[in-house]
Amino acid sequence: MTAATIEKPVDNGVNVEALFGAREALTKSPEAAKFKWRASVKWVNGTHSRTTIDSFYGLGAEQKHKSQFTFDADHPEVFASEDKGATPVELVLAGLASCLTAGVAAVAQARNIQLRSVTASLEAGMDIRGILGADTDVRNGFDGVKVTYHIDADASPDDIKALVAQSQKRSAVYDIITNPTNVTVEVK
Amino acid sequence: MRTAVVVIGAGQSGLAMSWWLAQRSIDHVVLERGEIANTWRTERWDSLRLLTPNWLSRLPGYGYEGDDPDGFRTLPQTVAFLRRYAEVVAAPLRTHTTVTAVRRSAADYEVVTDRGVWRCDAVVIATGAFNRPSVPAVASAIPHSIATLSATQYRNPEQLEPGGVLVVGASASGAQIADEIQRSGRSVTLAVGEHVRVPRTYRGRDILWWMDAAGILDERYDQVDDIIRARNIASFQLAGYPDGRTIDLNSLTAIGVKLVGRLAGVNGEGKAQFSGSLRNVCALADLKMTRLLNSIDEWAAQSGLDRQAAQPQRYAATAVEESPPLLLDLTRGRIKTIVWATGFTPDYSWLHVPVLDAKGNVRHDGGVVSEAPGLYLLGTPFLRRRKSSLIDGVGDDARELSAHLASYLHRRPLQSRFSLQPLDV
């Protein structure tokens, strides 16, 4: 440990002790580790919809966010829509970006690395002939996602790369995007 | 039948324990379902050689005696080595004796076998951690037109139909099997999850020489940050080839093996789905390898070995194509065979003592099963040290656990007829 870090402990605003404590507690009581994430959506008009998020289930009980969050989604004008919100696929990128970045902060805290700035830009390719049904060989979704991080931190370039690699390893949204998930859609 | 200690399994662990029990004059038997080194004899592929060089097999009271210390044993040589060790130990062996149940009573343990029942004060489980192939749930969704076999059933490429092969898993077994099958003229797709990449030789020495000399193999279970993770780490992506060459994903790509991500599922159309995480698992492995080499270089500098050893070296990052395939149609006849090289799980189905965790592993503290006094575990990954599951590593664990066992027997009411004199260790 250098003199500088003794004077000023690493603080990325992540309570790592609580996270490690939770990991140990949940290893012993795996039932409490089972969470349910929820969202509800209401069609507004055209391609515009509004998703509301306020509650979830976890630690064996119903939980509530401190406030309700709403997300407007729409399609852009080039799709002949009114562009009243981000495109749903962009919200997927937002989820990935936030998840990986939260992971970078948490892993940095656990590894005693002080972050000064973390930014990333994301880009996902998509051939829209898929969603238009113009070519059945083209998939609907992304043909790839590229994430580029710029990180200023008290660490070597390899240690910074390792932060980003470990964050991917532990990321829920990264897993959701890179691996298949069963999706059941019902009408009631 | 009665004895003080029953040791289950006559591989390197059971034999090393027998040597220490004999040193401590503790009456015992070693039960073996087949012959000495049974797993090595019957459950591995033909060309396999040990991943550890010949010299790295220092067992209590025995070690390598040949003239090729840097070579790698074939399986017949490994079996012969352990047979000789059993003679040196003069182990009280009962071969072809399968344990069907171990129970604990208020007074002692009962070990039921197909050749009679033993009662004893202590039991040492030395059956290894690599008993049953661990095949992922997705295996049940593989179309029936495809032949599937586990790494314990695979023997050689000639056993397989001509045509494409999907090898699942890229640790020591999967990488070696992929290499051998690709060289047989069958085109191999290798599904790669998390793996541990290391060069076979580094700075002119075997990588395990460095890890041994620098004390990395001696790291203790109670000194690592996360022992659960350490115990679950995949085997090194290593091979004991006679020419000493390194096997890694780049060497496999160079001979034509196609890399894809971890096998994540098989969809309703019979297409295998691979994870999009290939780039990251390769990045993780490259970064971890560099960290290991950095620590070796630091140790070499501190130990004054810089001049004797070759120059430090860094290796090319694992090459991953721009867009690795995410789907592979298993119904079109391109893939004829799938080989599961997805690891092993121990088999404790005979252990009727409630000491297993939710994952089916024995709960223990460095091999001491505290919940069942007198029960011990030996030879599993990182039991007491990073080297615990190596032939070279089991001796230190056997010494310490036999000392614990001796003092346990000593503290018990005198029901054993044997004089117990624990040695200092």
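Two strands count as paired here if DSSP finds at least two bridges between them, and helices (H or I, at least four residues) and strands (E, at least two) are DSSP runs numbered from the N terminus. All views show a predicted model, where local features need pLDDT of at least 70, side-chain atom pairs count only at pLDDT 80 or more, and totals for chains, interfaces and linings use all residues. Residues are numbered from 1 along each chain as its sequence is written, with chains lettered from A and ligands numbered from 1 in the order in which they are written.

**View 1. A three-stranded open sheet in chain B.**
The strand order is β6-β7-β8 of chain B, and the pairing is antiparallel. β6 (99–104) and β8 (116–120) of chain B sit at the edges with a single partner strand each, so one side of each has no neighbour in the sheet. From one strand to the next, the twist averages 15 degrees (axes are lines fitted to C-alpha atoms, for helices over the stretch in contact, and angles run from 0 to 180 degrees between N-to-C directions). Zoom in on β6(B) and β7 (residues 109–113) of chain B and you can count five bridges in the antiparallel sense. Across that pair, B:A101 stands opposite B:V112 in β7(B). As background, strands of a sheet pair through backbone hydrogen bonds, either parallel or antiparallel.

**View 2. The loop between β5 and β6 of chain B.**
Both B:H96 and B:T97 are found in this loop, where β5 covers 93–94. B:T97 counts as buried because it has 20 C-beta neighbours inside 10 Å; the cut-offs are 20 or more other C-beta atoms within 10 Å for buried, 12 or fewer for exposed, and partly exposed in between, with C-beta atoms placed from the backbone. B:H96 has 13 such neighbours, so it counts as partly exposed. Leaving out residues up to four places away in sequence, B:T97 touches B:L31, B:E32, B:R33, B:T113, B:D114 and B:R115 (a contact means C-beta atoms, placed from the backbone, within 7 Å). For scale, B:T97 and B:T74 are 23 residues apart in sequence and 26 Å apart in space, C-alpha to C-alpha. Check the backbone of B:H96 too: its phi is near 50 degrees, a positive value in a residue other than glycine. Most residues other than glycine have a negative phi.

**View 3. Helix α1 of chain B and what covers it.**
Helix α1 (residues 12–23) of chain B has twelve residues and should span 16 Å at 1.5 Å a residue; its end C-alpha atoms are 17 Å apart, which agrees. The expected span is 1.5 Å times one less than the number of residues. The helix is mostly covered, with ten of its twelve residues buried. Among the buried ones are B:L15, B:M17, B:W19 and B:W20. The cover includes β1 (5–8), β2 (28–31), α3 (75–89), β9 (122–125) and α9 (394–411) of chain B. After α1(B) comes B:S25, whose phi is positive, near 55 degrees.

Domain 1 takes in 5–131 + 346–411 and domain 2 takes in 136–340 of chain B, with bounds from an automatic or database domain assignment. Their C-alpha centres lie 28 Å apart. Across the boundary, 22 residues of domain 1 are in contact with 25 residues of domain 2. On the domain 1 side, the largest share is five residues from strand β3 (residues 49–53) of chain B. By class, that side has nine nonpolar, five polar and eight charged residues. (Ala, Val, Leu, Ile, Met, Phe, Trp, Tyr, Cys and Pro count as nonpolar, Asp, Glu, Lys and Arg as charged, and the others, Gly among them, as polar.)

**View 4. The contact between chains A and B.**
Twelve residues from chain B and eleven residues from chain A make up the contact. On the chain B side, β19 (263–266) and α8 (278–302) each supply at least two residues. α8(B) gives the most, with five residues. This side of chain B divides into four nonpolar, eight polar and no charged residues.

**View 5. A:A80 in its loop.**
A:A80 lies in the loop between β4 (61–73) and α3 (88–110) of chain A. A:A80 is exposed, with 9 other C-beta atoms within 10 Å. Its phi is near 60 degrees, a positive value in a residue other than glycine.

Key
Two residues are in contact if their C-beta atoms, placed from the backbone, lie within 7 Å.
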